[in-house]
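Here is a short tour of a protein chain, meant to be read with the model open beside you.

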Amino acid sequence: MSADAPQAAADDPSGPIPFRLLPDTSAVSGQGRLRIGGCDLVELAAEFGTPLFVYDEVHLRARCREAVAAFDGGAAYAAKAFLCAAMARLAISEGMDIDVSSGGELQTVLRSFGDGGAREAAERVVLHGNNKSAAELAMARAAGVGRLVVDSFEELDILDELHRADGMVPRALLRVTPDVRAETHEYISTGQADSKFGFGIGSGAATAAVERAAAAEGIELAGVHCHIGSQVFRTESLAKALEVVTDFAAPLFGDGGPAAGCLEDLSIGGGLGVAYVEAEHAPTISEWGVALSDRWRTLSARHGLGARLVAEPGRAIAAAAAVTLYTVGSVKEIPRVRTYVAVDGGYGDNPRPMLYGSDYTAFMPARVSEPRPSRVRLVGKHCESGDVIVRSAPVPVGIDAGDLVATPVTGAYGYSMGSSYNRIGRPAVVFVADGDARLVIRRETVDDMLALDALS
Ligand code: PLP
């Protein structure tokens, strides 16, 4: 945070936007305008157009380094949060591995490094995903992916079959479901027994999977993995999952067990929550690392296990690194009911409010130090009543058509989950640092969409 950041009323939703919800290098210019990475947001909007995702490169790098330090090198960036070639390179250059959950994410990472660097990058990749296809598994093996996270017996069958054809033996972890509930939205809760992901510990499937994987010729068993959910604020829930998984793994991977000596990695997944609005506070990556590492020290000593503790943060790396800039197109006041402020993006660049009922806040980059006493409903331009970006957005008095408005904490699961619904192209994305803005994803055009049409 810069020295001239407004400190007062950090949790007052009608005060100026609190700087803790903005990217690290945020600062206010002499004209009262927000700068990120030394770039004036009003000027960025004029240069690149809106909607526009603006990522603070310093912030992204700092969070990657924090994760690498917190997990002693055992940190993988969960690419599903936000991925493009620049992000893949940034995460790897800061010492993170990369977790991908599809062949598409895998190819994005590999191609980011070109033919010369793809092999080396592949070693830093962990491939997840329930229901991986034979083609995806074959591609990952051929590329030399560092770890496969096996989700089902069918995947073990495919890996055996591929091995019979070419003799390759990739390293693999088994994803287990510990039946620990994350206090989060049902759609992003994955650790409960009733989950589509992984082998259930309670049902005995996980034990059977370890026994089979340890004896399989098609893989080299290298550990276990779990991920209980996303946007989890209590590190104790994640520490509890670690305990359940360790207690499960110890007799199987310890001396005399069917997989003795095979526990190289114990991955606790991602899931650390972030604050999206004034009322929320989240643990830092370092605090999360301490909570898990402390628990792991106790558990590994108790069971005599020497594995590396691995984590896969996505949201905690990318979410607060970005803001989305929009231009207001219309202001509709319904007397005694509410005011709708419609902008030039919406569901297509941020589906989270519609998917999960997620809350966001808003501010005006040209009036960043002003109080925000008015409440408006910030809506998008997609043809859905539910296309609401912020249900009750605090804004300065007098917001009008043509003004620039921004939503903070949009760096994770915004662009990556977005769509071109209504054939509204997805926004451009810029990385800013040291007064420079570089385009890392160009704006999607109607020509891009029409290029998919197969005219007969
Ligand atoms: N690892 C796995 C297996 C996941 O499924 C996810 C998110 O769904 C993550 C890591 C990243 O989670 P988050 O972005 O909440 O840190």
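## A covered strand

Strand E4 (residues 52-56) is mostly covered, with five of its five residues buried. Buried here means under 20% relative accessible area, while exposed means over 50% and partly exposed lies in between (1.4 Å probe, protein chains only). Helices (H or I, at least four residues) and strands (E, at least two) are DSSP runs, numbered from the N terminus. In a regular strand the side chains alternate between the two faces of the sheet. Both faces of E4 are covered: Leu52, Val54 and Asp56 are buried on one side, and Phe53 and Tyr55 are buried on the other.

Which strands does E4 join? Four bridges link E4 to strand E14 (residues 322-334), and these two run antiparallel; strands count as paired if DSSP finds at least two bridges between them. Within this pairing, phenylalanine 53 stands opposite threonine 324 of E14. Strand E19 (residues 428-433) runs parallel to E4 and is joined to E4 by five bridges, with alanine 428 in E19 as the bridge partner of leucine 52.

## About the model

This is a predicted model, in which local features need pLDDT of at least 70 and side-chain atom pairs count only at pLDDT 80 or more, whereas totals for chains, interfaces and linings use all residues. Residues are numbered from 1 along each chain as its sequence is written, and side-chain values use heavy atoms, with hydrogens and water left out.

## The chain as a whole

The protein chain has 13 helices and 20 strands. Its radius of gyration is 23 Å, close to the 23 Å that the globule rule gives for 456 residues, so the chain is as compact as a globular protein of that length. The radius is taken over C-alpha atoms, and the rule is 2.2 Å times the number of residues to the power 0.38.

Along the principal axes, the C-alpha atoms fill a box of roughly 70 × 60 × 40 Å. Of the 456 residues, 57% count as buried. Contact means heavy atoms within 4.5 Å; among contacts between residues at least 6 apart in sequence, 71% join residues at least 24 apart.

The chain is divided into domain 1 (19-56 + 320-450) and domain 2 (57-318), with bounds that come from an automatic or database domain assignment. Their centres, taken over C-alpha atoms, are separated by 32 Å. The contact takes 31 residues from domain 1 and 28 residues from domain 2.

The largest nonpolar core has 140 residues, and those with the most contacts inside it are Tyr77, Phe82 and Phe253. Such a core is a set of buried Ala, Val, Leu, Ile, Met, Phe, Trp, Tyr and Cys residues joined through side-chain atoms within 4.5 Å. Helix H9 (residues 235-253) supplies the largest share of this core, ten residues. Both domain 1 and domain 2 give residues to this core, so it lies between them. Leaving aside neighbours within four places in sequence, the contacts of tyrosine 77 include Phe82, Met87, Ala91, Pro313 and Ile317.

Glycine 103 lies in helix H4 (residues 103-112) and is buried, with a relative accessible area of 5%. Not counting residues up to four places away in sequence, glycine 103 touches Glu136 and Met139. The C-alpha atoms of glycine 103 and alanine 140 are separated by 7.8 Å, although these residues are 37 residues apart along the chain.

The buried residues of H4 are Gly103, Glu105, Leu106, Val109, Leu110 and Ser112. What covers them includes helix H3 (85-93), strand E6 (97-100) and helix H6 (134-143). After H4 comes glycine 114, whose phi is positive, near 65°.

Strand E15 (residues 338-343) and strand E16 (residues 374-379) run parallel and are joined by three bridges. Valine 341 has leucine 378 of E16 as its bridge partner. On to strand E17 (residues 388-395): five bridges join E16 to E17, and the two run antiparallel. Here leucine 378 stands opposite valine 390.

Three strands form an open sheet in the order E1-E2-E3, with antiparallel pairing. Strand E1 (27-28) and strand E3 (39-40) stand at the edges, each with a single partner strand, so one side of each is left without a neighbour in the sheet.
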